Each structure stands twice: as C-alpha cells, then as structure tokens.
Amino acid sequence: MPEIADDAGVTETQGGGTEPERALRAVLQRAMDLVEADFGALAVFSSTGDVQDFVALGTGAAEITRPPGEPGSLSAIRLLRWSRRDEGANNTSAMPVPAAANSFLGVPLPLAQGAGVLYLYLTRSGRDSSFTEGDAEVLSGLTTLASLAVRHARLLEAERLRGDAISVFVHELRSPLTVISGIADLLKRPDNEIAGDLRAELVEILGRESSRLMRLVSNVLDTETLRRNFGSIEVARCDLVELAGEAALDSGGGGRVAVAASAEPLTATVDRDKIKQVLVNLVSNALKFAPDPTPITVSVRAEEVRTGAQRWAEVAVEDFGPGIAAHDLPKLFHMFARVGARDKPGSGLGLYASKAIVERHGGSMWVDSEPGRGSRFSFRLPRD
C-alpha cells in the first residue's frame, strides 16, 4: 500500500509511522477524494471496543484527539449522516469532529474474521455541502479494500516486530545467563577465598537473575500458548492481598514496593501462579522505569459496583516514573510492543501476556498515565 504524501493543510494525528497507520492514511485519502470531503478520520475498533489505530487528515485534523475506546463503544458505531442546516437532524456523534464541520458522514466497515470494525467518517465545512445517500454507498464500497489493506499491513508490522523481538529476546536471555554463569564459576572457589558476606550477596544475585530468567521464559511460553488459543488455567481460591505481598517481595524492589490493602483477605478463584506472574510483571516494569528511590504501590480493593450478581476486585500497580505519551498508550498491550526508553531491558511480551492472562480469567486490564506524572496499571478480576 503506497504512502500518501501530506498536502498543504493536511495533518495526521497520533504521529503514525507503523504499517497499519500508513495503510489507513492511504484508504482515508482515497475516501476523501471520492466524495470531496475536507476532513476525514479512520478508527479501528477491536471486537471488545478498544481503539487500536486512529488517523485523521484534512482541515481541522490538528484539533482532533483519539476517541476513547471502551466496552460497549461498538454499539455507537453505525451509519450516520447529518447536516447542521437540516432542522431536527441528529447532529451528535460519538466521534470527535472539527468545530467547523457543517455536515457529517460516518460509515462502519466490518473487518474480516470478526477482527473488529473500521469506522470511516468524513466532514465538510461548506454551508451547502451535505453528504448524500450516494456518498454513503461509495464509501461502503471501500469495505473490501479497507479490510485487505489493514490485514496486510498488520501482517507486515507483525513480521517486523517479531524480528525485533527475537533480537531483543536473545539479548535479554544472554544477560541473566552471563551473570548466572559468572557467579557459578566464582562459587566453585574454596570457601576461604570468598568472604561470607560476599558469598551471601552472590547467592542473592543468583536467585534474582534466575527469577528474571524464569519470568522471561514464562512470558514467551504464555505468549505462544495464548496466541494459539490453547492451554488451560488451574484455578483455586486464593487471597489477592497475600498474593500482592508475595509479588512485591519476588520482584526484588525491597523497601520501594509497598502493598496498600485492607487487613481482611480478598479472595478470588484464579490460577495463583498466573496472577502472581501478572503482578510481578507489572511491579518489575514499574521498578524498571521509575527512578530510584521513588515508591511503587500495589493496591488491592473490592469494587463496590457489581455486574449483575458478579462482584469484582481491582488490583493496581502505581509508580511515579516518567509516564507514557498518549499516542503510545494503545500500543502497550500489543505483542512485541516496546515504548519509552529503548535502553531499558524488555522483550515486549510481558504486558501482552499479562493482559491475556487476566482476560482468560474473565477480567480486564487498562492503564492510566501522563508524561511526567507516572503510571497506574490496573486489572479487575471476578472475586468470591
């Protein structure tokens, strides 16, 4: 899919240099040309309502922000056409539009194999420039093109990310193995050649690096299992407060990591090892990016709101690190995604695996973050 060069006055939101974003820009530009729109946007919604990709072009694009994606948002995605000059028209839209827009046309384009919905919407700013039913039919004809373009672009992007991830994974694997091998050689020396306190410190480092290695391998295995949609979870009743305390200790943060929770147990029927792995992943990430000695807080609480008879528990890991840019937030839970400082170690699998594990338990995971104000990664699980 060729990349469309930006004309004067044409702006794209959210930066956008990935293959899917380039494909979306090409489809969007084609749609704008076909119906002579002066603004257009494309949003790709997953089957759960998350906004996976978003681009905007044309007059007023600079004032447009990524629409919020949330469960149930797909119900608001429908064919919609209005003009401000029409009395009684429904001039409201769930999607952000330029202030100068006088007419609107939104067309949902279902993606292949239940992969979600691509919502294409355009506006015109002229007073006598309403969209017609014919315009809607023209845009509906782009369904096949849009679906193929996005699917092909995602395959290309996945291959690129996979290649990058393999390189990162090999590096990540080599690092703890090098430390473990070096300490093993040192510990072979006679006792009188290594002071007792040094030997204890070496053993502690050995345990920490072994845990890091195991976590990396677990994330890779879980990623492959979840990607192929097989594997099982072994659930049992456990105390989430106790589990949070264990994860705080196992993450190696020492006194930096504190657990904020009620003294009363908060139980859930979950796969204990998998949920602990999620917690350790989140705390380890916080320790990695937040400057020493800023604190990391793991909170566990019972949610007051119920879904029918179902009660929920919320677990969150909060730091005071550099925060995450808004345009990077949707990429965080993608496979092989790595955002932020590139000098920080990481395979780009931990958050993807963590979110998938939580969802396998019937829960959800999200992040709240602002640059310079830290990050809060949260997940909710059905509780007893």
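Q: Among contacts in the protein chain between residues at least 6 apart in sequence, what share joins residues at least 24 apart?

A: Start with the term: a contact means heavy atoms within 4.5 Å. In this chain, 67% of the contacts between residues at least 6 apart join residues at least 24 apart. Residues are numbered from 1 along each chain as its sequence is written, and side-chain values use heavy atoms, with hydrogens and water left out. This is a predicted model: local features need pLDDT of at least 70, side-chain atom pairs count only at pLDDT 80 or more, and totals for chains, interfaces and linings use all residues.

Q: What is the average pLDDT of the protein chain?

A: First, the scale: pLDDT is the predictor's confidence in each residue, from 0 to 100. The chain averages 79, and 76% of the residues score at least 70. Now look at residues 1-16. There pLDDT stays under 50, although the model has 38 contacts beyond four places in sequence for this stretch. Where pLDDT is low, the predicted coordinates should not be read in detail.

Q: How many helices and strands are there in the protein chain?

A: Both are DSSP runs, numbered from the N terminus: helices are H or I with at least four residues, strands are E with at least two. The chain has 7 helices and 12 strands.

Q: How much of the chain is buried?

A: Learn the cut-offs: buried means under 20% relative accessible area, exposed means over 50%, and partly exposed lies in between (1.4 Å probe, protein chains only). Of the 384 residues in the chain, 44% are buried. For the surface, the areas come from the Shrake-Rupley method with a 1.4 Å probe; for residues, only the protein chains shown count as cover. The accessible surface comes to about 19300 Å², and 53% of that belongs to carbon and sulfur atoms.

Q: What is the order of the strands in the open sheet of 5 strands?

A: Two strands pair if DSSP finds at least two bridges between them. Here the order is S7-S9-S10-S12-S11, with mixed pairing. S7 (257-261) and S11 (364-369) stand at the edges with a single partner strand each, so one side of each has no neighbour in the sheet. Neighbouring strands are turned by 15° against each other on average, direction ignored.

Q: In which sense do S9 and S10 pair, parallel or antiparallel?

A: S9 (residues 296-302) and S10 (residues 311-319) are antiparallel, over 6 bridges. Find Thr297: its bridge partner in S10 is Glu318. Next, Val298 has Val317 as its partner in S10. S7 and S9, by contrast, pair in the parallel sense over 5 bridges. There, Val257 has Ile296 as its bridge partner in S9.

Q: Which strands does H5 touch?

A: Angles run from 0 to 180 degrees between N-to-C directions, with axes fitted to C-alpha atoms, for helices over the stretch in contact. H5 packs on the sheet and touches S7, S9, S10 and S12 (375-383); its direction makes about 175° with that of S7.

Q: How many salt bridges are there?

A: Side chains of opposite charge can pair when their charged atoms come close. The rule: a side-chain nitrogen of Lys or Arg within 4 Å of a carboxyl oxygen of Asp or Glu. The count comes to 15. Take Arg272 and Glu242, whose closest N and O atoms are 3.1 Å apart. Arg272 lies in helix H6 (residues 272-289) and Glu242 in helix H5 (residues 240-250), so the pair ties together parts 30 residues apart in sequence.

Q: Which residues are linked with Arg272 in a network of salt bridges?

A: The network links Arg272 with Glu242, Glu246, Asp250 and Lys276. Arg272 meets Glu246 at 2.8 Å, N to O. Lys276 also bridges to Glu246, at 3.4 Å. Arg272 is partly exposed at 29%, and Glu246 is partly exposed at 23%.

Q: Where is Phe320 found?

A: Phe320 sits in the loop between S10 and helix H7 (350-360). Phe320 is partly exposed, with 48% relative accessibility. Beyond its neighbours within four places in sequence, its contacts are Ala290, Pro291, Thr294, Pro295 and Gly374.
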